[in-house]
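This report describes one protein structure for a reader who is new to the subject. Please keep the sequence and the model in view while reading.

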Amino acid sequence: MKLVRGFFCLLCGSLLYAGSVGAQNLLVNGSFETPAFAPNTVNGPASIPGWASTGGFEVWNQFQGPGANGNQYLELDV
């Protein structure tokens, strides 16, 4: 029984490791840092690399605090 449990743990650990090694970020410009804007500003660029919109974008750079990953973030209620 110990041998089966040990094999199961080894198998699960190997699968988790293999999954993390092959993982890649599928988002392009996921933190909206390109194009870069001046701090404490709200900007309306016509385009953002890796993203498409029919209504435009509103990118804030530390306007009401930093983004979760980087300085810029996208305002969703434009």
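## The strands and their sheet

Val59 stands opposite Leu74, a residue of strand S3. Strands S2 and S3 run antiparallel and are joined by three bridges. Two strands are said to pair if DSSP finds at least two bridges between them. Strands of a sheet pair through backbone hydrogen bonds, in either a parallel or an antiparallel manner.

The sheet is open and consists of three strands in the order S1-S2-S3, with antiparallel pairing. S1 and S3 (72–74) stand at the edges with a single partner strand each, so one side of each has no neighbour in the sheet. From one strand to the next, the twist averages 20 degrees; axes for such angles are lines fitted to C-alpha atoms, for helices over the stretch in contact, and angles run from 0 to 180 degrees between N-to-C directions.

## The model and its overall plan

The model is predicted: local features need pLDDT of at least 70 and side-chain atom pairs count only at pLDDT 80 or more, while totals for chains, interfaces and linings use all residues. Residues are numbered from 1 along each chain as its sequence is written, and side-chain values use heavy atoms, with hydrogens and water left out.

The protein contains one helix and three strands, and its elements run α-β-β-β from the N terminus on. Helices (H or I, at least four residues) and strands (E, at least two) are DSSP runs, numbered from the N terminus. Of the 78 residues in the protein, 18% are buried. Here, buried means under 20% relative accessible area, exposed means over 50%, and partly exposed lies in between (1.4 Å probe, protein chains only). The protein exposes about 6,000 Å², of which carbon and sulfur atoms supply 63%; these areas come from the Shrake-Rupley method with a 1.4 Å probe, and for residues only the protein chains shown count as cover.

Where is Trp51 found? Trp51 belongs to the loop between strand S1 (41–43) and strand S2 (59–61). It counts as partly exposed because its relative accessibility is 32%. Leaving aside neighbours within four places in sequence, Trp51 is in contact (heavy atoms within 4.5 Å) with Leu27, Val28, Asn29, Gly30, Phe32 and Phe57. Val28 is 23 residues from Trp51 along the chain, and the C-alpha atoms of the two are separated by 7.8 Å.

A polar atom of the Trp51 side chain lies 3.1 Å from the backbone oxygen of Val28. A polar atom of that side chain also lies 3.2 Å from the backbone oxygen of Asn29.

Asn29 has its place in the loop between helix H1 (2–21) and S1. Is Asn29 buried or exposed? Asn29 counts as buried, because its relative accessibility is 16%. Not counting residues up to four places away in sequence, Asn29 touches Thr34, Ile48, Pro49 and Trp51. The backbone nitrogen of Glu33 lies 3.1 Å from a polar atom of the Asn29 side chain.

## Aromatic pairs

A search of the whole structure finds three aromatic pairs. In one of them, the ring centres of Phe32 and Trp51 are 5.1 Å apart and the planes are at 40 degrees, so the pair is tilted. Rings of Phe, Tyr and Trp (its six-membered ring) pair if their centres lie within 6.5 Å; planes under 30 degrees apart count as stacked, over 60 as edge-to-face and the rest as tilted. This pair links distant parts of the chain, since Phe32 is in the loop between H1 and S1, Trp51 is in the loop between S1 and S2, and 19 residues separate them. Phe32 is buried, with a relative accessible area of 14%.

Trp60 and Phe63 form an edge-to-face pair, with 5.1 Å centre to centre and 80 degrees between the planes. Trp60 counts as buried at 11% relative accessibility, whereas Phe63 counts as partly exposed at 40%. Trp60, Phe63 and Tyr73 form one aromatic cluster.

## Glu58 beside Trp60

Glu58 lies in the loop between S1 and S2 and counts as partly exposed at 23% relative accessibility. Its side chain makes a polar contact with the side chain of Trp60 (2.7 Å). A polar contact is a pair of N or O atoms within 3.5 Å; within protein, one must be able to donate a hydrogen and the other to accept it, and residues adjacent in sequence count only if both atoms are side-chain atoms. Glu58 and Gly44 are 14 residues apart in sequence, and their C-alpha atoms are 4.7 Å apart in space.
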